[in-house]
Amino acid sequence: MFRIAGLFTAFVILAGVSLSPAAADDKTITVFAAASMKNALDEVDAAYTAKTGVKFSVSYAASSVLAKQIEQGAPADVFVSADTDWMDYAISKKTINEPTRVNLLGNSIVLIAPKDSKIDNVTIAQGFDLAKLVGDGKIATGDVKSVPVGKYAKAALEKLGAWTAAEPKFAMAESVRAALTLVARGEANLGIVYSTDAKVEPGVKIVGTFPENSHPAIIYPVAATTTAKGETNDYLAFLRTSAAKTILEKYGFKFLISPTT
């Protein structure tokens, strides 16, 4: 009897040891977020960790890449997209818990140049000649076929009548942060990125801002995935608070909802 009891105790101890990593994993939220969110979301997540002890594993990339990774089974609890199209795509693939979706943030797109560039104070309006402005140089942005910032950029340039002449001069990057880096290094003479990206990169300067009516509204939806852990809902609730709003607005994002306390 004592031998059996001892074996049972040993089993419980071993089981407890083997389960402890899983218990630790349960306190980690995995977030897939648009590359432009990195600096702001890192600070928001740090604030949440300080409040709750919950930790984060975050993957930053183009929304298109993240949506397809989630579709292919990548383990994620939260998806933050830089446009509504890729969130809609994820919902269509049944990977998103649709009732949790919130169109949380707004942004704007700007024309940037390397910090020491002679280009400055560009008026972006109908008839804007981007091809002439860049000359023999290159213009960096996200891939206009899939990366949200590139899609917004192409839409704006088409509306302003500047796309056809400028298209051959574009260097398409895998994400907005990759495009930002090309300009900061001087490998592209100009770039089109979000204003929030330009704000966190000292190697570039904003030389012009695209009119809001020149492109679809820039909206960042956030939602839980269909495989999200239970504590994900508390995190999504935190993203809607005044505390999160203060951090996100500090980085230049527009808060699109009324914050909770």
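Across the interface of domain 1 and domain 2, six residue pairs are in polar contact. On the side of domain 1 that touches domain 2, the elements giving two or more residues are helix H2 (38-52), H3 and helix H4 (84-92). Keep in mind as you look around that this is a predicted model.

Which stretches of the chain make up these domains? The domain assignment gives domain 1 as 29-106 + 220-255 and domain 2 as 109-209. Notice that domain 1 is written as two stretches of sequence, with domain 2 numbered between them.

## How much they share

The C-alpha centres of domain 1 and domain 2 lie 26 Å apart. At their meeting place, 16 residues of domain 1 are in contact with 14 residues of domain 2. Together the two domains bury about 1,100 Å² between them, and 54% of that area is on carbon and sulfur atoms.

Charged side chains take part as well: there are two salt bridges between domain 1 and domain 2.

## An annotated site

Now for a feature that comes from a record. In an unreviewed UniProt entry, the annotation "binding site" covers Ser 36, Ser 63, Val 176 and Tyr 194. These residues span 159 residues in sequence, yet no two of their C-alpha atoms are more than 14.0 Å apart, so they gather at one spot.

## A closer look at Ser 63

Ser 63 is found in helix H3, which covers residues 63-71. Is Ser 63 buried or exposed? Its relative accessible area is 1%, and because buried means under 20%, Ser 63 counts as buried.

Which residues surround Ser 63? Leaving aside neighbours within four places in sequence, Ser 63 is in contact with Ala 34, Phe 79, Ser 81, Ala 82, Trp 86 and Pro 148.

## A closer look at Val 176

Val 176 is found in helix H8, which covers residues 176-184. Val 176 is buried too, with a relative accessible area of 4%.

Beyond its neighbours within four places in sequence, Val 176 is in contact with Ala 35, Ser 36, Val 147, Val 149, Val 193, Tyr 194 and Asp 197.

How values were computed. Residues are numbered from 1 along each chain as its sequence is written. This is a predicted model: local features need pLDDT of at least 70, side-chain atom pairs count only at pLDDT 80 or more; totals for chains, interfaces and linings use all residues. Side-chain values use heavy atoms; hydrogens and water are left out. UniProt positions are given in the numbering used here, feature names are shortened, and annotations may be inferred rather than shown by experiment. Helices (H or I, at least four residues) and strands (E, at least two) are DSSP runs, numbered from the N terminus. Buried means under 20% relative accessible area, exposed over 50%, partly exposed in between (1.4 Å probe, protein chains only). Contact means heavy atoms within 4.5 Å. Domain bounds come from an automatic or database domain assignment. Buried area is the accessible area (1.4 Å probe) that two parts lose on being put together, summed over both. A salt bridge is a side-chain nitrogen of Lys or Arg within 4 Å of a carboxyl oxygen of Asp or Glu. A polar contact is a pair of N or O atoms within 3.5 Å; within protein, one must be able to donate a hydrogen and the other to accept it, and residues adjacent in sequence count only if both atoms are side-chain atoms.
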